[in-house]
Amino acid sequence: VFKLAAVSPLPVAAMFWKFDLHTSSHIEQLLEREDVTLRELMEEDDILQECKAQNRRLLLFLSQEHNMREMVQLITTEPSAELEEKSRFKFPNIACELLTSDVSIINDKLGGDDELLEMLYHFLEQEPPLNPLLASFFSKTIGNLIARKTEQVITFLKKKEGFIGLVLKHIDASAMMDLLLRLISCVEPASLRHDVLQWLNEEKLVQRLTELIHTGNDDEVQQSNASQTLCDIIRLSRDQAGQMQESSEDPLLAVLESQESVSELLRNMFEGEKSEASIVNGTQVLLTLLETRRSGLEGLMDLYSQGYERSYTVSSSILNAIEPHLKDFHQILLDPPQKSAILTTVGVLEQPLGNARLHVARLVASLLQTNCPSVCQELSRLNTIDILLDLFFTYTWNNFLHFQVELCVSAILSQRKKSKTQLFQRCLLVQRILDAWEENDRIQSEGGTRRGNMGHLTRVANMVVQNLEKGPVQSQISDLIKELPDDCRGRWESFVDETLRETNRRNTVELVGPRLFQVSTHNMHSSSEDDDMESPFPNDLSLQQAFSDYQIQQMTANFVDQFGFNDEEFSEHDENINATFDRIAEINFNLDADDNSANAAAFEACCKERIRQFDDADEDEEDIWEEKEINYATQAKSRTRFGVSQSSEGGSRSSLENGQDQEGSGSDEEVNENMETGENCHGYYIGPVRFMRFSNRDKMLLYMRFQ
């Protein structure tokens, strides 16, 4: 029984005012002075807080013309190099935060004053490179105005004929990328956004970005940022396509997907001397164009898991532009840009794979997913897949490449075309799998390390077997396997029935194995008993699988509230565990609790043993399995196990004098005894199993799990 005493708030209030705990900002005191300066206010730590809290006196002071000019000057002018490094950009940073604090009076003043906008625009007229920090301040300030004072700022920028050229001149600064993307994505309403897109298209933004991705451009950072900007424009334009009017088309996206624009990009990539930067950055744009038209882009792994059953919605103009240049990509695989040797964890790599060839592999995988007949036929004619398989078995430690080749094989096996014939007869896929597996076994038998591509090789072999056993191309693959030489077909059948089956069995065995259960149940026995005693609990693989599934579940915010078991969650229909764990609080174990069952007998035998959880337990301590009524203490007692007890005899004596029930407020020894039995005042078991409701049916299972 708890008694609540009414406490008057007056003493607390009196204490508050007595000690003057309320704080007033020092800014108010500074604003009282007529000669206060902007920098004096910027020295105050709470100036941003006061500004966002709409402190009227402060806002009126900041919005004064000379103060607005000083803040714009701070974010667009390089600080003196004589200042201490840690404080050089202190005031520019605070000025940027004040200008972008999303306060209407500041937005109105900055967006409606052409002189202030001219000061901002003058920052772009500097020679590159820009200070990256100042560039970020400029981009953030202009971006905020584009979102809040859209019409005024867009009108101002349109009057500047060289605006896009200046932004692209400084595209090596990532802040300029952000500025362009804000122009595309942050303009509302849709009609105004369409006007902005038309303006950017008239300024030939896409064509000018494409020109930067060229073999003659030595600035790799500029190429990379131009490529990333084009990729972001594609994704943003596709995401916003549903918001545009049906009759209106995104002009930037239409240009990017046109055959002329893609052909121009490809010419820039392969014109002149081979350049890894132009190949990689140009291929990234092509990969983005080949992504499917849908909201929420999925990764290649998601597409792989779906088996490439669905076709892509890719513009035919993109594929028509890429097809003539497939021979150029094929040549990159054969003769990549030269790279020097590198030292890896497995030794020196004289000829690295290189980022260029890796991106070509990604492009080939994406093209095969489109299921375009002419493209697949050209790749087959060039024998590109055979070259990729050569690289797969040459660079045994490059898992990025292995994954892309695996995707290519999976795409070919899913197609209803003759390309599978080339895969089995010309590329000799089955023979390569067998030879690589035997070579790896030989290396391991000699004490060597397992090759790094064996996991992906296992997946490729399983894909062949799965398509051979079922699927729309079962008959085709079956005929191709039958056409193998007799010795090769025999090796394959033996490999599938024995080696691959055993590998798959090992790969499906969970880390929670029988040995772990033996260790757990062994610790349950008293130290005075035989250590070699075998556990009475069965080492069932289904139980191990259930525990493994449980362990990998993600904890949710309400984990403690939902964690536990209820009696109705247990079914007694059979002894097998068939369900996985859908969520952390729904764990359904089907256990037969019948007294005549073997499990019940083993459970009762274990419960009769003397289990010691703490070294100082007495021989005559209470049975921890005994069900008893739990009493609630009238006062909180700290556990001596975790610190010194804060209770006193005076507290107990006071309770007796007041006639309170003493059943729940025992001595420190009684508290320790409760700790030994795993009970607390909330009715939870807090010994080996924490925060779990404890019942007869789950004692064995829970103890095994958490011991």
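The model is predicted. Its secondary structure comes to 38 helices and two strands. Buried residues make up 45% of the 707 residues.

**Overall picture**

- The protein exposes about 38,100 Å². Carbon and sulfur atoms supply 48% of that area.
- Take the contacts between residues at least 6 apart in sequence: 71% of them join residues at least 24 apart.

**Two helix pairs**

- Two packed helices are described by the angle between their axes and the distance between the axes.
- Helix α8 spans residues 104-111, and helix α9 spans residues 114-122. Their axes come within 6 Å and cross at roughly 80°. An angle of 65 to 115 degrees counts as roughly perpendicular, so α8 and α9 are roughly perpendicular to each other.
- On the α8 side, the contact is made by Lys109, Leu110 and Gly111. On the α9 side, Leu116, Leu117 and Leu120 take part. By class, this contact has four nonpolar, one polar and one charged residues.
- Helices α25 and α28 pack at an angle of about 5°, with their axes 12 Å apart. That makes α25 roughly parallel to α28.
- From α25, the residues Asp386, Leu389, Asp390 and Phe393 meet Leu429, Arg432 and Ala436 of α28. The contact of α25 with α28 divides into four nonpolar, no polar and three charged residues.

**Helix α27 and its cover**

- Helix α27 runs over residues 419-426. Its buried residues are Ser419, Lys420, Gln422, Leu423 and Phe424.
- The cover over these buried residues includes α24 (373-382), α25 (384-394) and α26 (399-414). It also includes α28 (429-445), α29 (454-469) and α30 (474-482).
- Leu428 follows α27 and has a positive phi, near 55°.

**Ile477, a buried residue in α30**

- Ile477 lies in helix α30. At 0% relative accessibility, Ile477 counts as buried.
- Not counting residues up to four places away in sequence, Ile477 touches Leu413, Lys420, Phe424, Val464, Asn467 and Leu468.
- Ile477 and Leu413 are 64 residues apart in sequence. In space, their C-alpha atoms are 8.4 Å apart.

**Arg88, a buried residue in a loop**

- Arg88 sits in the loop between α6 (65-76) and α7 (90-99). With a relative accessible area of 12%, Arg88 is buried.
- The Arg88 side chain reaches the backbone oxygen of Ser80 at 3.3 Å.
- Leaving out residues up to four places away in sequence, Arg88 touches Glu78, Pro79, Ser80, Ala81 and Leu83.

- Most residues other than glycine have a negative phi, and most peptide bonds are trans.
- The peptide bond from Pro128 to Pro129 is cis, with omega near 0°. Pro129 is in the loop between α9 and α10 (132-148).
- The bond from Glu188 to Pro189 is also cis, again with omega near 0°. Pro189 is in the loop between α13 (174-185) and α14 (190-202).
- Lys204 is not a glycine, yet its phi is positive, about 55°. Lys204 lies in the loop between α14 and α15 (205-212). At 47% relative accessibility, Lys204 counts as partly exposed.
- Asn383 is not a glycine either, and its phi is positive, about 60°. Asn383 is found in the loop between α24 and α25. Its relative accessible area is 10%, so Asn383 is buried.

Technical notes
Residues are numbered from 1 along each chain as its sequence is written. This is a predicted model: local features need pLDDT of at least 70, side-chain atom pairs count only at pLDDT 80 or more; totals for chains, interfaces and linings use all residues. Side-chain values use heavy atoms; hydrogens and water are left out. Axes are lines fitted to C-alpha atoms, for helices over the stretch in contact, and angles run from 0 to 180 degrees between N-to-C directions. Helices (H or I, at least four residues) and strands (E, at least two) are DSSP runs, numbered from the N terminus. Angles under 35 degrees count as roughly parallel, over 145 as roughly antiparallel, 65 to 115 as roughly perpendicular and the rest as oblique. Contact means heavy atoms within 4.5 Å. Ala, Val, Leu, Ile, Met, Phe, Trp, Tyr, Cys and Pro count as nonpolar, Asp, Glu, Lys and Arg as charged, and the others, Gly among them, as polar. Buried means under 20% relative accessible area, exposed over 50%, partly exposed in between (1.4 Å probe, protein chains only). Accessible areas come from the Shrake-Rupley method with a 1.4 Å probe; for residues, only the protein chains shown count as cover. A polar contact is a pair of N or O atoms within 3.5 Å; within protein, one must be able to donate a hydrogen and the other to accept it, and residues adjacent in sequence count only if both atoms are side-chain atoms.
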